[in-house]
Amino acid sequence: MKIGRILSGMRPTGKLHLGHLLGVLKNWVELQDSYECFFEIADWHALTTHYRETEEVVENVLNMICDWLAVGIDPKKSVIFRQSDIIEHAELFLLFSMIVPLPWLERNPTYKEQLREMEGRDLMTYGFLGYPVLQAADILIYRADTVPVGEDQLPHLELTREIARRFNYFYSPIFPEPQAKLSEVPELVGIDGRKMSKSYGNTIPLDTEEEELKKLVRSMITDPARIRKNDPGHPEVCTVFAYHKIFNKEEIEEIDYACRNAQIGCVECKMKLAEKLNQFLAPIREKRKIYSKDRDLTWSILLEGNKKAREEAQKTMELVREAMRIKI
Ligand code: SF4
């Protein structure tokens, strides 16, 4: 018995990495058993910021499906679909655009923050300003009641609720007001100690092979005050140690002690981590290969998901058109 319906999605803008896995995907895998889940590959959303770089979108979509399946998103339990295949999203987005007051979008703190963060990109577009309206359409078209989000996404979700409320008030109460499902996730830093992000080039992609993994771990930033092996270390400032805390819990106290007392060298410590990370990623990598080698299989999984998503979206659009009295 499922306790609710979830909509969540990701923009296909590049390879998924460990940060995505711990921050989002692990949570999705757990939610599949208790919720009816719709997982969206948000390719139109990718265009709101990357509208000039469209040559890799399709490949990125395929890679994203491979990653999702490899980490345990199960098409028998969840609906995996691509946003642009469900044309009804565009219709609902357009209809919502008619009723959303402009100041709701202009005051959105995430909008202002992203404009600042993506300096250098021309984001003064109608599509970028309207991004949260498209997001509201994505959620509400499945009449999802729950949305797993991070703190930074809360203003967008509030806007979705406001749009649902406004529509329900003007026409007919057909949309639920979706609630946030906040989850505590361990913060995984990049290999240089900054926030893990593709734009910083500091990620560990999910398909990293063993040798490449060792190379990435070797390049990790450690305690800058530890120059020689017999200098006592400070694990609390070390990126390698931050990873041990997540991927090597059983040895954490031992490493902490050995580092502080100069009983372990950074090279040895890094190799221990590389081994643990490899043990963690190996089954994901192997499963991923099945899907990346058999593109027909992977696309067929998407087509199946698209079909289920579209049926739901069409049902909602029937209700919307009827409520708005724009169809006989
Ligand atoms: Fe970091 Fe390990 Fe070196 Fe200590 S021994 S500074 S925890 S890499």
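Colleague: Which element gives the most to the lining of the second largest cavity?

Modeller: α6 does, with three residues. This is a predicted model, in which local features need pLDDT of at least 70, side-chain atom pairs count only at pLDDT 80 or more, and totals for chains, interfaces and linings use all residues. Residues are numbered from 1 along each chain as its sequence is written, and side-chain values use heavy atoms, without hydrogens and water.

Colleague: What makes N108, T110, Y111, Q114, F128, Y131, P132 and H156 the lining of the second largest cavity?

Modeller: A cavity is a set of points on a 1 Å grid over the protein atoms alone where a 1.4 Å probe fits but cannot get out, and a lining residue has an atom within 4 Å of a point. N108, T110, Y111, Q114, F128, Y131, P132 and H156 therefore count as lining. Two or more of the lining residues come from each of α6 (109-117) and α8 (131-140), helices being DSSP runs (H or I, at least four residues) numbered from the N terminus.

Colleague: Which residues lie nearest the centre of the largest cavity?

Modeller: R226, C238, C259, C266 and C269, out of 13 lining residues. The lining has nine nonpolar, one polar and three charged residues, and α13 gives the most, with three.

Definitions and conventions. On a 1 Å grid over the protein atoms alone, a cavity is a set of points where a 1.4 Å probe fits but cannot get out, and a pocket is an open set with protein on both sides within 12 Å along at least five of seven lines; lining residues have an atom within 4 Å of a point. Ala, Val, Leu, Ile, Met, Phe, Trp, Tyr, Cys and Pro count as nonpolar, Asp, Glu, Lys and Arg as charged, and the others, Gly among them, as polar.
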